[in-house]
Amino acid sequence: MTHALRQAVAAGAIVAGAVLPASGAFAAETTYPLTLQNCGRQITFSKPPQRAVSLGQSTTEILYLLGLSKQVVGTAVWIGPVLKGYEESNASVPRLADNDPSFESVIATRPDIVTVQFQWHVGPKGTVGTIAQFEDLGVPVYTSPSDCIGKDNSSGGDGVRAEAFSMDLIYEEIRDLARIFNVQDRGEQVVADLVAREKAARAKVAGAKSTLSAVFWFSSATLAADPYVAGRNGAPGYIMKALGITNVIDSDEEWPTVGWETIARANPSIIVAARMERRRYPADDSAVKAAFLQKDPVVSLMPAVKAGHVVEMDAQTMNPTIRTIDGIEQLADAIEKAGLSR
């Protein structure tokens, strides 16, 4: 989506019919009551929600892309700046918490829908609450399909993916929310834009060496501890697969901890380090990551470090989000710039 179109959507200035789905036809109006299947259960809406609380930066940004910022009465769980072009819209939305809000703070906004990016916030062992707690008060909960389809969150934490993440799950979320709020035309345009961007990024590195490999480092609880790196089935796995890159981490866990000695033996061609504003751990800081890579006696000797094949990437792209496409673009650009696409 172009910057101008983003601005227009954010301002709600696109009139009916101005944004068309990729097919060129208008999407159907929502008929209420609307019942959807979501993460193994049914949720029903008698009318378009007017007061949404969104727990998770990605699902909040989807609502903004759909032109629904005025309906958002609270957000939480942020790890970085909002999408460019949405700073003004985001500034007008109350931030309940940067991380986990309380159940009481969410209910105090009188929401008629709660959208959730991760089940570890609202789910079987939710840190904010359970779905039943919200539904007992008549508040429907919509959970991102990317966090429940093909994924087991029953043990808490980041969960385990039995099936590889696909952007189709994000497109399902966009279309579901567009139906819930009756803005299907906008939803189809957002999906079409993301699909086109991924296609262009794939084409950029179509001639890259088939032997390229990578490790995605999100953070570390302490620098002395094993780092949290991306398993094969999450968003980084999708990014690597899209660009023909092998993930040196062979795990179904979303973010397993793996020792640097093991990573060094796997000898990845590229190290991708997460950049974020969150400061839960020291290694959340990109500068701390960079210093560690240069000074650690094992890691500093890795060929990828010596060659400067270290890519700093927005942490949001490493979660299953609309920004996963940004990650594909950023890594494709880095591969091309490093001369690895030939």
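In which loop is P33 found? P33 is found in the loop between α1 (3–11) and β1, where helices (H or I, at least four residues) and strands (E, at least two) are DSSP runs numbered from the N terminus. The peptide bond that leads from Y32 to P33 is cis, and its omega is near 5 degrees.

The structure is a predicted model, in which local features need pLDDT of at least 70 and side-chain atom pairs count only at pLDDT 80 or more, while totals for chains, interfaces and linings use all residues. Residues are numbered from 1 along each chain as its sequence is written, and side-chain values use heavy atoms, with hydrogens and water left out.

A disulfide is taken as a pair of cysteine sulfur atoms within 2.5 Å, and by this rule the count comes to one. The bond joins C39 to C148, with an S to S distance of 2.0 Å. The torsion about the S-S bond of C39 and C148 is about -75 degrees, so the disulfide is left-handed. C39 lies in the loop between β1 (34–38) and β2 (41–45), and C148 lies in the loop between β7 (141–143) and β8 (151–152), so the pair ties together parts that are 109 residues apart in sequence. Relative accessible area was used to class residues as buried (under 20%), exposed (over 50%) or partly exposed (in between), with a 1.4 Å probe and protein chains only. C39 is partly exposed at 26%, whereas C148 is buried at 15%.

The backbone at C39 has a phi near 50 degrees, a positive value in a residue other than glycine. A positive phi also occurs at N267, again a residue other than glycine, with a value near 55 degrees. N267 is found in the loop between α9 (260–266) and β13 (270–275), and N267 is partly exposed, with a relative accessible area of 38%.

Helix packing was described with axes, which are lines fitted to C-alpha atoms, for helices over the stretch in contact; angles run from 0 to 180 degrees between N-to-C directions. Angles under 35 degrees count as roughly parallel, over 145 as roughly antiparallel, 65 to 115 as roughly perpendicular, and the rest as oblique. Helix α6 (residues 167–181) packs with helix α7 (residues 184–204) at an angle of about 165 degrees, their axes being 8 Å apart. α6 is therefore roughly antiparallel to α7. On the α6 side the contact (heavy atoms within 4.5 Å) includes M167, Y171 and I174, and on the α7 side the residues include Q184, G187 and E188. By class, this contact of α6 with α7 has eight nonpolar, two polar and four charged residues. Here Ala, Val, Leu, Ile, Met, Phe, Trp, Tyr, Cys and Pro count as nonpolar, Asp, Glu, Lys and Arg as charged, and the others, Gly among them, as polar.

The axes of helix α8 (residues 235–242) and helix α12 (residues 324–337) come within 9 Å and cross at roughly 45 degrees. α8 and α12 are therefore oblique to each other. In this pair A235, Y238, I239 and A242 of α8 meet T324, G327, I328 and L331 of α12. The contact of α8 with α12 has six nonpolar, two polar and no charged residues.
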